[in-house]
Amino acid sequence: MTSLQGTTLPAGLDDATLQQLSGNLTEQQLLWLSGYFYGRYAANTGGAPPQAAASVVAAPAAAAAPVPTITVLFGSQTGNSKKVAKQLADAATGKGLKVEVKDMNDYAGRNLAQEKLMLVVVSTQGEGDPPVSAEELHQFLFSKRAPKLPELRYSVLALGDKSYVEFCKTGRDFDERFAELGAQRILDRVDCDVDYEAAAEGWIEAVLEKISSEFAPAPAATAAPAASAPAAAVKAEPAAVNYSRKHPWEARVLESIQLNGRGSSKETYHLELDLASSGLHYEPGDALAVVPVNEDPLVEEVLKAARLPEGESVDLGTERLPLSAVLANRRELSVLTRDVMERYAALAPHAQLQELLADTKQLQPYLYGRDIADLLTDFPTELSAQTLVETLRPLPSRAYSIASSLLAHPDEVHLTVGAVRYEAFGRRKQGACSTFLADRVAVDDVVKVFVEHNEYFKLPQNTDTDIIMVGAGTGVAPFRAFVEERVELGAAGRNWLLFGNPNFTTDFLYQTEWQQYLKQGKLNKLHVAFSRDQAEKIYVQNRLLENSKEVYGWLENGANFYVCGDKVRLGAAIQTALTEVVQREAGISAEAAADYVRNLKKQRRYLEDVY
Ligand SMILES: Cc1cc2nc3c(=O)[nH]c(=O)nc-3n(C[C@H](O)[C@H](O)[C@H](O)COP(=O)(O)OP(=O)(O)OC[C@H]3O[C@@H](n4cnc5c(N)ncnc54)[C@H](O)[C@@H]3O)c2cc1C
Ligand SMILES: Cc1cc2nc3c(=O)[nH]c(=O)nc-3n(C[C@H](O)[C@H](O)[C@H](O)COP(=O)(O)O)c2cc1C
């Protein structure tokens, strides 16, 4: 063994031999080799080279770099895709790969032509729409201006939810359009359902493996230090105890109050849950995911329709449980989704089932209002208990916008839950989670929960910034949290709430709290729209238009604009009304006003939490 600058070398390899071996190499070749050996180092140790060593051989960018920089491009509405993008960047950096993380919101489409290696992580929103932050790039990609991409290698991870008919549509769009433009997949797209974590990890591992095997190792001396910077630029999640679908917190119910008065057409509950000793942290704008339990009558309907006895036990991989317990706690029964129809159709040979699946326009109305019992009744077939359980979808949690501030209620989380009840296809039906919370959970019972952080639906960092909050029905929930938080922080920014619901006497949710805040000057403006209190329907969008001068004034003064509530009825109506406000008050064309509103969204000053 010989020693070189304090390092023990293998026998036969000493300083003189190394000098001799490298004597005829050009500067470029030396630089490449230094990077190559650093790549080997990183691959063997599973990490980037130590800082001191990296500085010895720091190579200029001109050095040959066989693995191109990986651009990780994410499009995210609530932060899941961003989280996965950061995870991917960390894993790539760990392998000594050079990576840059970019938000679609800030990404100019024309840069695509320069990309060599791109990994896309994108969710789907609305009914198969891109997240707001991805809208512009998505539009550009499908326009005539989209460049050809023959140089690009790529892969897409699509985040979504199988309960939507247009499952992972935006991810599919990116994937297919890149291919149409001449780009080549380095790995096939992976589509993720709500519990995306395992699938995302698998994709990250596989795609990095593929990149490592297809490209020559990069000179890690240049790669590693540069790689950590952009990845680190993505804000880290706050350190908190990591509860999840698999490891929820069992929160005790402290309070459950019906908020609507007698005779209301609505049924809304205010719930207070105990977080003491949980270590669970949330911020206003986040949602609480609740794990529901299906109601007994629905479990019985499903058993009856499947003609199966409840006591039969089924194998869930790690445990055997009675069928009725699995149906109550582990499988989605109240909502029928395309993936379940597809698996069921493979077992039940009904021509009409195939026809429905072949035509989304027919499928969507079929699914709406139908549940698993309806499917089993409409298309009967012989199924074992085990097959039924394997055909159904794991029971997903439901999200509820958090209605409290931890500063105002340490160790508590409050929710505003509207009970879903309706009649369809000859049966009385109830939403699984909302009626679980409304009917089947009492004070002192426990509910399984975890936080779904919403990265973007947040109060402005600058507490001097004004906020306009537009909420209808349970859409008022996050605004209660916003105002509580701003009061606790002593924020100087003004707060304006526009709230809508059917009737003043029965549906003015949190009325006394708002009026108290108003009296104390903590809520600066309050406008209400009770749609059914007069012959002519009045909604929050009418209030926006009636106050257009002030709304525009607040926006011009830098206010953030928030919308929460019904996706179909509220989301689009408010955007239209705000565009009209801007057109009228700025005296500009409809197109220019639409641009103004679009810009607010891009700047993340117009924020939506619609469902
Ligand atoms: C980010 C986010 C925040 C949310 N915040 C809140 C909140 O603060 N408060 C709140 O109450 N909800 C909130 N929701 C909605 C909530 O997550 C649930 O979707 C809602 O409670 C219904 O769930 P469920 O389990 O009770 O109903 P499910 O069992 O999921 O049943 C709902 C399904 O029933 C069908 N259906 C419903 N009504 C009818 C009808 N009239 N006719 C035919 N079919 C019908 C539809 O197919 C619908 O998808 C939020 C959702 C998201 C994504
Ligand atoms: C209002 C709303 C609409 C959604 N629409 C769809 C959809 O049409 N298709 C789909 O696959 N997923 C849909 N999803 C599910 C999201 O894509 C999924 O929650 C994803 O994990 C969000 O990732 P993000 O936080 O990066 O935006 C929707 C979610 C919400 C809240």
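Close-up 1. The model is predicted: local features need pLDDT of at least 70, side-chain atom pairs count only at pLDDT 80 or more, and totals for chains, interfaces and linings use all residues. Residues are numbered from 1 along each chain as its sequence is written, while chains are lettered from A and ligands numbered from 1 in the order in which they are written. Ligand 2 is surrounded by 25 residues. Ser76, Asn80, Ser81, Ser123 and Gly160 are the closest. A residue is near a molecule or strand if its C-beta atom, placed from the backbone, lies within 6 Å of it. By class, the shell holds 12 polar, eight nonpolar and five charged residues. Here Ala, Val, Leu, Ile, Met, Phe, Trp, Tyr, Cys and Pro count as nonpolar, Asp, Glu, Lys and Arg as charged, and the others, Gly among them, as polar.

**Close-up 2. The shell around ligand 1.** Ligand 1 has 24 residues around it. Gly369, Gly431, Cys433, Ser434 and Tyr611 come nearest. The shell counts 14 nonpolar, eight polar and two charged residues. At least two shell residues come from each of β14 (398-401), β15 (412-418), β16 (421-424) and α16 (432-439). β14 gives the most, with four. Helices (H or I, at least four residues) and strands (E, at least two) are DSSP runs, numbered from the N terminus.

**Close-up 3. An open sheet of five strands.** The order is β21-β20-β19-β22-β23, with parallel pairing. Two strands pair if DSSP finds at least two bridges between them. β21 (525-530) and β23 (606-610) stand at the edges with a single partner strand each, so one side of each has no neighbour in the sheet. From one strand to the next, the twist averages 10°. β19 (467-472) and β22 (560-565) pair in the parallel sense over five bridges. In β22, Tyr562 stands opposite Met469.

**Close-up 4. Helix α17 on the sheet.** Helix α17 (477-489) packs on the sheet and touches β19, β20 (495-501), β22 and β23. Its direction makes about 150° with that of β19. Angles run from 0 to 180 degrees between N-to-C directions, and axes are lines fitted to C-alpha atoms, for helices over the stretch in contact. Two residues are in contact if their C-beta atoms, placed from the backbone, lie within 7 Å.

**Close-up 5. Helices α4 and α7.** Helix α4 (80-94) packs against helix α7 (197-214) at about 35°, with the axes 10 Å apart. Val84, Gln87, Leu88, Ala91 and Ala92 of α4 make the contact with Ala200, Ile204 and Leu208 of α7. Seven of these residues are nonpolar, one is polar and none is charged.
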